[in-house]
Amino acid sequence: MSAILNTLMSIARNSGFVGLAQEPGYLAMIVVACILLYLAIVKEFEPLLLLPIAFGMLLANLPGSGIIHMEYFLAPADAADPSIYPLFNEILHHGGLGDMLYMGVKLGIYPPLIFMGIGTMTDFAPLISNPKSLLLGAAAQLGIFTTYLGAKLLGFTGPEAASIGIIGGADGPTAIFVTSRLAPQLLGSIAVAAYSYMALVPVIQPPIMKALTTHEERMIVMKQLRTVSKTEKIIFPIMCTILIGLILPDSAILVGMLMLGNLMKECGVVDRIQKTAGNELMNIITIFLGLSVGCTTSANTFLNLQTLEIIALGLIAFSFGTAGGVIFGKIMCVLTHGQVNPLIGSAGVSAVPMAARVSQKVGQKENPQNFLLMHAMGPNVAGVIGSAVAAGILINIFG
């Protein structure tokens, strides 16, 4: 009988309830995880990534789960060489599932593979047909660099400010890629902010778009885009990879994998691997990426003033990115004597294709005969390229 009592007492002492009593922050994070799960499942806010991120957050905040040990991945503050990390065998022998999966984030494997999958589903024809829309994608990166300055003013280091600023690109994999390189201790907060704001594109963008444009500008009907040949579609990803890779080598991996996926789609001779890259492989990587990122959001690293600052700066980044695209759209409208609807500039953030759909929706409310979707897809896919280029610039400066 005493043996049974001792066993029950041992189970009670080692249960997670004791951990919750000792650290109430875990309970708060479990509540946050459940709220994110609600948003993913019920409201369908970016569910493909928000759901695994939220569930990883839930697992990481169950006391004693041992799913991840972030101390394995962070260099000691006093290390002479910041590239010194614990040996792989330490992780293999003592790490949890989150540690194993997080290796794909730390080594920069998951985001480029996600980009390859995105490439298989991206149509660059609107951008090829109207190359000027590349400028709108570039203008929408304004949010990245203005937020970098804001983060610096709040006391964040250069690498941390760069990682926070990249939220303005509205591209989750890019934000994860940059943060894992420059400020891994902020990964959980930045990933949650990035994907939350991506999900809120239909809420955040329309007020900014309407505030910066007139009724007459929103009424503008754009001319139909020209037809793009298959040869152009094949040459574009090859030339884009060469040019960007030579100009900015730090962007080569993201842009290159995006263009590889697109080349698979457009060439028409590798249907099997194109379908695998865009479906099975991308789905697997999405699960691994979301779960491992979610596991980094434990109470002791997430519940602090810094996280609130990151969330606030993320909203600023997203808003400035939208505003930058719309303002440049207005400039193009003037220069082309009213042939460009400024609303398509808001699609320059790389939330594909949601941002382009928002441009279409806002434009059609003003003029039911207005069809801006294909015109907005040009800046939208340009924004994907632009965010990858911005990531390369930041990594080049601070990496």
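**Buried residues and nonpolar cores**

User: Which residues of α12 are buried?

Analyst: In α12, the buried residues are Gly172, Pro173, Thr174, Ala175, Ile176, Phe177, Val178, Thr179, Ser180 and Leu182. Buried means under 20% relative accessible area, against over 50% for exposed and in between for partly exposed (1.4 Å probe, protein chains only). This is a predicted model, in which local features need pLDDT of at least 70 and side-chain atom pairs pLDDT 80 or more, while totals for chains, interfaces and linings use all residues. Residues are numbered from 1 along each chain as its sequence is written, and side-chain values use heavy atoms, without hydrogens and water.

User: Why is α12 described as largely enclosed by the rest of the structure?

Analyst: Of the 11 residues of α12, 10 are buried, so α12 is largely enclosed by the rest of the structure.

User: Which members of the largest nonpolar core touch the most other members?

Analyst: They are Phe124, Ile164, Ile166, Phe236, Met259 and Ile385, out of 72 residues in the largest nonpolar core. Such a core joins buried Ala, Val, Leu, Ile, Met, Phe, Trp, Tyr and Cys through side-chain atoms within 4.5 Å. Helix α23 supplies the largest share of this core, 11 residues. Another core, of 39 residues, lies apart from it, with Ile30, Leu58, Ala60 and Leu101 among its members.

User: What does Ile164 touch, not counting residues up to four places away in sequence?

Analyst: Ile164 touches Thr147, Ala151, Phe156, Leu186, Ile190, Ile310 and Leu313 on that count; contact means heavy atoms within 4.5 Å.

Terms used: Helix = DSSP H or I, 4+ residues; strand = E, 2+ residues; numbered from the N terminus.
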